[in-house]
Amino acid sequence: YRIVIGFRGQTDSGWDWDTGVVSSKATMEDVTHNRISATALYDGLNDSTSAAINPFAATNNNIERALVDVYRNDTSKLTMFDFKISKPDVFSTKAGDVSMLLGGEFRSESYVDDRDPLLDGTDNFTSYSTKSVPGGYTHPFASNVIGSSPSTDTIGERNIDSLFMEMQIPLTEKINAHPAVRWEDIENVRSSTVGKLAIGWDVSNSIKLRGSI
């Protein structure tokens, strides 16, 4: 689901403003049927009764006792709030009006990747050989599903704060400058500030040259 709510208006001094809130959540449920459990296969091959798995029999080989379903469930969430104000004529120069936009944004993101216990090490594959191989067959654990690599659960979340500003400055009747700057503070990473400066030249009604750094 995704829910969006927004508002906008204008102040008495001529500033346009708008704000909005976004809340979204996405889930994924994946199930793979009829995989082979390494532990169940090992136990079935070493069973001395008539219920043992017989790999040499074309029918009635009891392989179904080793079949399992494997799942993967993912969930991602996003909450965002932003606020912007702008004005087309903050002040004027001989070349024209200077416009400005100021704004800020807050984002909260989270992600969970839940793997099947047969894959994430909860139900690890072990056998008599484990005694001679400390820790199992591989480090740090072996997948309990034949033909699948081990994969651990994943979980993460972070908050991001940002502020930004843009301006449109006429230098002449045909040349405009567009400076912009953005500051972001990413949780558990670091803050950063980036800027941009673009220059546009209206050569004619049909041709415009523009460059930025």
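K84 counts as partly exposed because its relative accessible area is 21%; buried means under 20%, exposed over 50% and partly exposed in between, with a 1.4 Å probe and protein chains only. The structure above is a predicted model, where local features need pLDDT of at least 70 and side-chain atom pairs count only at pLDDT 80 or more, while totals for chains, interfaces and linings use all residues. Residues are numbered from 1 along each chain as its sequence is written, and side-chain values use heavy atoms, leaving out hydrogens and water.

**Exercise 1. Find the salt-bridge partner of K84 and say where the two residues lie.**

Step 1. A salt bridge needs a side-chain nitrogen of Lys or Arg within 4 Å of a carboxyl oxygen of Asp or Glu. K84 meets this with D18, the closest N and O atoms being 3.2 Å apart.

Step 2. The pair links distant parts of the chain, 66 residues apart: K84 sits in strand β3 and D18 in strand β2. Strands are DSSP runs of E with at least two residues, helices are runs of H or I with at least four, and numbering starts at the N terminus.

Step 3. Now check D18: it is partly exposed, because its relative accessibility is 30%.

**Exercise 2. Trace how β2, β3 and β4 pair.**

Step 1. Two strands pair if DSSP finds at least two bridges between them. β2 (16–36) and β3 (67–93) run antiparallel over 19 bridges. For a landmark, look at D30, whose bridge partner in β3 is R72.

Step 2. β3 also pairs with β4 (residues 96–115), antiparallel, through 19 bridges. Here S92 stands opposite D97 in β4.

Step 3. Look at the turn: 2 residues lie between β3 and β4 in their hairpin.

**Exercise 3. Follow the chain from β5 through β6 to β7.**

Step 1. β5 (residues 154–170) and β6 (residues 175–186) are antiparallel, with 9 bridges. S162 stands opposite E184 in β6, and a hairpin of 4 residues joins the two strands.

Step 2. β6 then pairs with β7 (residues 191–202), antiparallel over 11 bridges. V181 has G195 in β7 as its bridge partner.

Step 3. The hairpin between β6 and β7 has 4 residues, and N188 in the turn has a positive phi of about 70°.

**Exercise 4. Build up the network of salt bridges that contains E184.**

Step 1. Start with the pair E184 and R182, at 3.2 Å from N to O. E184 is buried, because its relative accessible area is 17%, whereas R182, at 28%, is partly exposed.

Step 2. R107 counts as buried at 16%, while E109 is partly exposed at 25%.

Step 3. The structure holds 12 salt bridges.

**Exercise 5. Which residues of helix α1 are buried, and how are they arranged around its axis?**

Step 1. In α1 (residues 38–45), the buried residues are A38, A40 and G44.

Step 2. Seen down the helix axis, they fall within an arc of 165°, so they line one face of α1. The arc is that of the directions from the axis to the C-beta atoms.

Step 3. Their cover includes β2, where contact means heavy atoms within 4.5 Å.
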